[in-house]
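I set out here what I looked up in this structure, entry by entry.

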Amino acid sequence: MAKITQNINIVPHLWYDKEAKEAAEFYASIFPDSRITNVTTLHGTPSGDADLVSFELWGQKFMAISAGPYFKFNPSVSFIVNFDPSREKDASEMIDEVWNKLSIDGIVLMPLDKYPFSEKYGWIQDKYGLSWQLILTNPEGEERPTITSSLLFVGDQCGKAEEAMNFYLSVFKNSKQGHIARYPQGMEPDKEGTIMFSDFMLENQWFTAMDSAHDHKFSFNEAISFMVYCDTQEEIDYYWDKLSAVPEAEQCGWLKDKYGLSWQIVPKAMDEMMSKSTPEQFDRVNKAILKMKKLDLAGLQKVYKG
């Protein structure tokens, strides 16, 4: 079996029609300690020229692409932002400020208000369609990062949050279980014992997972995927074999798992190839990627060197 090292990174990847750079600038203006780290343009993709944007929001790395109107964000994947009074003395004011900015031309899914689980919480879909859950956290227990990726299991996948979480914990070597809260009796249509809230860590990246039996008109799609950065071909092979469950979804390093969630299994070296290359090298690597399903690290390095 492939030896899996301990420095795998997982980065959320956001697919926009044309607004990746504009959206990244908007988010970086809202959250503390945030910045755009790189912008590159891919030429000759199936969507024409596509901006690739790397950015950090409050310590959380993101990648975004402008690659055409193929996929739309929906609340099956959202981002929970923890405003922790033990970490930020003005956490309560900060949450109001961020909420107000994200609300501009957005849609409120749950109003910013007091709930049984938090003094202040709200769920908003911003003007680009991306969903955020803002919460004033109770700082007891182990600290959580400021931004966490949240998975909502609905429709055919409802009731599978726990199974999915255990599956991911088994695939990623450096992982651990956090909290689990189950639905009690009398919360219909949610079934007693299914997951009301859980969190878990994969490679230093925290996720939350929950089931919802309500009638949602959405499910996981390619608009949000998770990039798994690997050092070696062995690691690429390992994650590809473990996660890929939909052969027709395999393309350019992208795959879909058995729950419909999209992942990209990419070599870390690709970041360097993309950011430090000449236009010709960049073009060659990009063309090679477009012909691959699972990425071939040696093949890409060969094309890069020309």
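**Annotated segments**

I note that the model is a predicted one. For residues 9-135, I read 19% helix and 51% strand, and here the end C-alpha atoms are 25 Å apart. Both ranges come from UniProt, where an unreviewed entry places the feature "domain: PhnB-like" at residues 9-135 and 146-266.

**Helix 7**

I next examined helix 7, which spans residues 297-305. Which of its residues are buried? I found Leu297, Gly299, Leu300 and Tyr304 to be buried. I then asked why these residues lie on the same side of helix 7. They cover an arc of only 160° around the axis, and this puts them on the same side of the helix. I recall the general rule that an α-helix has 3.6 residues a turn, so residues three or four places apart point the same way.

I looked up what covers these buried residues, and the cover includes helix 4 (233-243), strand 15 (262-267), helix 5 (269-275) and helix 6 (279-291). On the face turned away from the buried side of helix 7, I recorded the exposed residues Ala298, Lys302 and Lys305.

Asp296 caps the N-terminal end of helix 7, with a side-chain oxygen 3.3 Å from the backbone nitrogen of Ala298. Gly306 follows helix 7, and I noted that its phi is positive, near 75°.

**Ala24**

I turned to Ala24, which I located in helix 1 (residues 20-30). Is Ala24 buried or exposed? Its relative accessibility is 1%, so Ala24 counts as buried, the cut-off for buried being under 20%. With neighbours within four places in sequence left aside, I found Ala24 in contact with Ile36, Val53 and Phe55. I also looked up its separation from Leu109, which is 85 residues away along the chain: the C-alpha atoms of Ala24 and Leu109 are 22 Å apart.

**Cavity**

How many cavities of 30 Å³ or more does the structure hold? I found one cavity of that size. The volume of the largest cavity is about 40 Å³. I listed its lining residues as Phe73, Asn74, Ser76, Val77, Phe220, Asn221, Ala223 and Ile224.

Notes
Residues are numbered from 1 along each chain as its sequence is written. This is a predicted model: local features need pLDDT of at least 70, side-chain atom pairs count only at pLDDT 80 or more; totals for chains, interfaces and linings use all residues. Side-chain values use heavy atoms; hydrogens and water are left out. Buried means under 20% relative accessible area, exposed over 50%, partly exposed in between (1.4 Å probe, protein chains only). Helices (H or I, at least four residues) and strands (E, at least two) are DSSP runs, numbered from the N terminus. The arc is that of the directions from the helix axis to the C-beta atoms. Contact means heavy atoms within 4.5 Å. A polar contact is a pair of N or O atoms within 3.5 Å; within protein, one must be able to donate a hydrogen and the other to accept it, and residues adjacent in sequence count only if both atoms are side-chain atoms. UniProt positions are given in the numbering used here, feature names are shortened, and annotations may be inferred rather than shown by experiment. On a 1 Å grid over the protein atoms alone, a cavity is a set of points where a 1.4 Å probe fits but cannot get out, and a pocket is an open set with protein on both sides within 12 Å along at least five of seven lines; lining residues have an atom within 4 Å of a point. Grid points are joined across faces, edges and corners, and a volume is the space filled by probe spheres set on the points.
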